[in-house]
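Subject: Structure for your files

Hello,

Please keep the two together.

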Amino acid sequence: MKRILTMIAVAALSVLAANGQELANFARQQGTPVVSPEVKDGKVTFRLNANYATRVQLSGNWMANPWTGSEDMQKGPNGIWELTIDAPEPEIYTYNFIVDGVAVNDPLNNQVQRDGNRYLNMLFIPGERSENYYESQKQHGTLTYRWYDSPSLGISRRMAVYTPYGYENNPKQKYPVLYLLHGGGGDEEAWPSMGRAVQILDNLIEKGLAKPMIVVMPNGNANQRAAQTLKLPNDGKAQGVQNAYVNSLVKEIVPFIDKEYRTIAKADGRAIAGLSMGGGHTTAATLNYPGVFSYICPLSCGIRETEELDNQLLGIKKAGYKLYWIGVGKEDTGAYNGSKVLDEHLTKLGMPHTLYVSEDAHVWKNWRLYLNTFARLLFK
């Protein structure tokens, strides 16, 4: 009898542990489980169990003011606060609750992303635009984080590297490489997390819409060893050195990738794209090192008028390139104006290119769209 009781107790603990690895953090719910967010019939319902609260609000980046906008939630039975809204258009959004003036995440939603020091819940709205932002059904590539030595910056540094489905099983096949660069405030985790780069590439490749490729996502902060979550000192020697990161990218990161991975180690096998600050790194790398990348995609950055600009662009034209693709939001005033400058100079010099203008401003909503668009054009 004692043995039977012991077995029952162990089974009960196993059931609890299946839903939470630490029993101290496991809260058993009575009756129907609370779901949040619930996307159904063109509506989204958010819920929070906060019986102690006097006021609960929802804040989301789809609101008219994505920074300070909020809507009040209503308290219902059992202390469950609730709010139902019309679903925004298909995309990925971020949100959090404000409980008596304190911002908190939705404890029922384990989908979160990090933006600098902020962790925010993610809201997925399914549709044609966002269909490639979900996990692929069958063919999953591999995301790894690699360390490399940077003599020019004086530190060892970390980058994220995506290898496509089948890479490990095809030891003789070589792959083209996309160098995908983040913006200011980001790091090597930005494109995998907020940009959904892995999911986008997995889906495009599985559907035959993009060539299988390696994607390298370095840390573009020249003094930073790795993402701030690792709490490592920022002690590189790049302070005051012009184009320090760009030089390291071309002279250290590209050779490292060509050595460590089965790459097509020539210009026609390399693409470079970046958003905002990373877009500036993209233009700087291709202007200063023409002939290294044949596919060039600056996003939400543009360029400034300089006396050397035309001669530098002619250097790219002389070296040869396959694609020059510029993406920018029409509401992204500074980047839009700079993108028009780049567009005008490329046109004047007879350099084929695409200026892709979308809605919205300086937001991940655009950058996911751009990757989902230009990745289909690479290495064709």
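Threonine 283 counts as buried because its relative accessibility is 6%; buried means under 20% relative accessible area, exposed over 50% and partly exposed in between, with a 1.4 Å probe and protein chains only. Threonine 283 sits in helix 5 and touches Pro298, Ile303 and Tyr324, leaving aside residues up to four places away in sequence. Contact here means heavy atoms within 4.5 Å. Helices (H or I, at least four residues) and strands (E, at least two) are DSSP runs numbered from the N terminus.

The model is predicted: local features need pLDDT of at least 70, side-chain atom pairs count only at pLDDT 80 or more, and totals for chains, interfaces and linings use all residues. Residues are numbered from 1 along each chain as its sequence is written, and side-chain values use heavy atoms, with hydrogens and water left out.

Helix 5 (residues 277–288) also packs with helix 4 (residues 244–260), at an angle of about 60° and with the axes 10 Å apart. The axes are lines fitted to C-alpha atoms over the stretch in contact, and angles run from 0 to 180 degrees between N-to-C directions. On the helix 4 side the contact involves Tyr245, Val246, Leu249 and Val250, which meet His281, Ala284 and Ala285 of helix 5.

Helix 3 (residues 197–206) is largely enclosed by the rest of the structure, because 9 of its 10 residues are buried. Among those buried are Gln199, Asp202 and Asn203. The buried residues of helix 3 pack against several elements, including strand 13 (177–181), strand 14 (214–218) and helix 8 (364–374). Just after helix 3, glycine 208 has a positive phi of about 75°.

The largest nonpolar core has 38 residues, of which Leu178, Leu180, Trp191, Leu371, Phe374 and Leu378 touch the most other members. Such a core is a set of buried Ala, Val, Leu, Ile, Met, Phe, Trp, Tyr and Cys residues joined through side-chain atoms within 4.5 Å. A second, separate core of 30 residues includes Tyr148, Tyr175, Ala222 and Val292. Leucine 180 has Ala197, Met217 and Ala273 among its contacts beyond four places in sequence.

For the chain as a whole, there are 8 helices and 18 strands. Buried residues account for 49% of the 380 residues. The C-alpha trace spans about 80 × 50 × 45 Å along its principal axes.

Regards
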